[in-house]
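Hi there,

Here is the structure I promised to pass on.

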Amino acid sequence: MHRYIVHALLSISWFVMHPSAGVSCFAQLPQPVNEPALHGSLINDTVAVGTAVEREAPKSQWYKGNLHTHSLWSDGDDFPEMIVDWYRERGYSFLALSDHNILSEGEKWISLAEVEKRGGKQAFLKYQARFPDGWIETQSSSDLPSPDSLAKVRLQTLSKIQAAFEVPGKFLLIPSEEITDKGVHINATNIGELIEPQGGASFVDMVRNNLRAVGEQTQSSGRDILPFLNHPNLSDRGVSAEELAWIVESRFFEVWNGVEGDGDLGSVKRHSLERMWDITTTLRLTEYQAAPMFGLATDDSHDYNGKQKAKPGRGWIQVRADSLSTQSILAAMRAGDFYSSTGVELTQLEFDPVQRRLSLQIRADGDARFTTRFIGTRRDYDRTTTPRTDPESGEVVPGILDYSLEVGQVLATVQGLQAEYQFTGDELYVRAEVISSKAPEFPTSESPWQKCWTQPCGWQIEQTKPNN
Ligand SMILES: [Zn+2]
Ligand SMILES: [Zn+2]
């Protein structure tokens, strides 16, 4: 057996030369392909990877964006350009409108009665007040149609909205679709053509089939399409942590989704999403020689007119990219160079692969206090699993195993605006989460405090391969 190691850290020289420029925690992961890309870095037969990759350090900066948003094109309650306007005015750099099984293109009309039913009387009035004459298209003879059941309004296309709202270097709209396949929802970011739900006999099949369809479009179109698995705990059924570990082609998932009641914190039948992340990361690195998933926070916003369940502004990502283009944003995400947030902002985030040190700095926020927890799993972790028992009924809960607390354990806790973790050498990975003493602007029962999550750092993939 020829044994070699795929290091997940390739940008060493860049980091050493430009420590303040920032470097991702990870290798530049390969672009998606039609078949599952199993490992963190492309390798060849003879060369051990892990050597430094020389490249010019670009001037990178953080870009804030939300990749999960709904509009009247599917089940949101506002016009797409009103939503785009909301995000742009609040300082987001990029946004994806990701409606269910539809792209915002072609001609689509919606009755004003339906608009009122979704967003209330004010939805259309606000729309009229915001946009000038000539922008709004209706099928009424009146310039100001009353919301009767016959009047209709046209939903504007993404391309028209892009032309009106995008500002080079300032604001970017990325095409997207939430492929909605019964209980499996996958956002295909930067999709070019509609993908119909692919179906499948099980949740695992549905995830794999839809990811495969995304991969096929990636190959046929040549565009980088980044899929991520949405709200894995939306119902009490869905892919388990073990299954998610095994679906190694799933590289991104929502570790936090802004919809109230979507199960972020888990239940007796489901691990919390953070716990699922740690179990999945640990299993991938030990059992499947596969890269961890990266975690996103998103709004999944539907409600822009007063309802509270799925408001915008609750969860987003901060991506460190060399420019505000879809290509740069997605490349940085594939490199793991982003963090997720419900309010906490980082001014510095570095992983030094030589010193083996993860460090971050938090932007001060009045009198808010910050707690950083470094979380990871050590190589010699206790691998015991136990069936979960329902504390009320005393019966075993099917489909869920509890893992030892050494999986995703808190390795260190730091108070204050700066935090640093020095690897001891036996960690499979380490990630950081920061919790503020302040509530988010739009809190939910699942999100009482502002928080942020970095991606897993410092991992590597060991692999065995037979000699020729
Ligand atoms: Zn969904
Ligand atoms: Zn959604």
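Below is what I found, from the overall make-up down to single residue pairs.

First, some housekeeping. This is a predicted model, in which local features need pLDDT of at least 70 and side-chain atom pairs count only at pLDDT 80 or more, while totals for chains, interfaces and linings use all residues. Residues are numbered from 1 along each chain as its sequence is written, and chains are lettered from A and ligands numbered from 1 in the order in which they are written.

The protein has nine helices and 22 strands (DSSP runs numbered from the N terminus: H or I of at least four residues for helices, E of at least two for strands). Of its 468 residues, 47% are buried, meaning that 20 or more other C-beta atoms, placed from the backbone, lie within 10 Å of the residue's own. Take contacts (C-beta atoms, placed from the backbone, within 7 Å) between residues at least 6 apart in sequence: 71% of them join residues at least 24 apart.

The largest nonpolar core has 98 residues; such a core is a set of buried Ala, Val, Leu, Ile, Met, Phe, Trp, Tyr and Cys residues joined through C-beta atoms within 7 Å. Val 207, Val 255, Val 319, Ile 329, Ala 332 and Met 333 touch the most other members. At least three residues come from each of domain 1 (2-106 + 157-465) and domain 2 (107-156), with bounds from an automatic or database domain assignment.

Leaving aside neighbours within four places in sequence, Ala 332 is in contact with Val 319, Arg 320, Ala 321, Asp 337 and Phe 338. Just after α9, Gly 336 takes a positive phi of about 75°.

Two of those covering strands pair with β2 (pairing takes at least two DSSP bridges). β2 and β11 run antiparallel, joined by five bridges, with Lys 64 opposite Gln 318. β2 and β3 run parallel, joined by two bridges, and Gly 65 has Phe 94 as its bridge partner.

Elsewhere, an open antiparallel sheet has three strands in the order β13-β14-β19. Its edge strands are β13 (346-352) and β19 (418-422). β14 (residues 357-362) pairs with β19 over five bridges, and Leu 360 stands opposite Ala 419.

Happy exploring!

Definitions and conventions
Buried ≥ 20, exposed ≤ 12 C-beta atoms within 10 Å, placed from the backbone. Contact = placed C-beta atoms within 7 Å.
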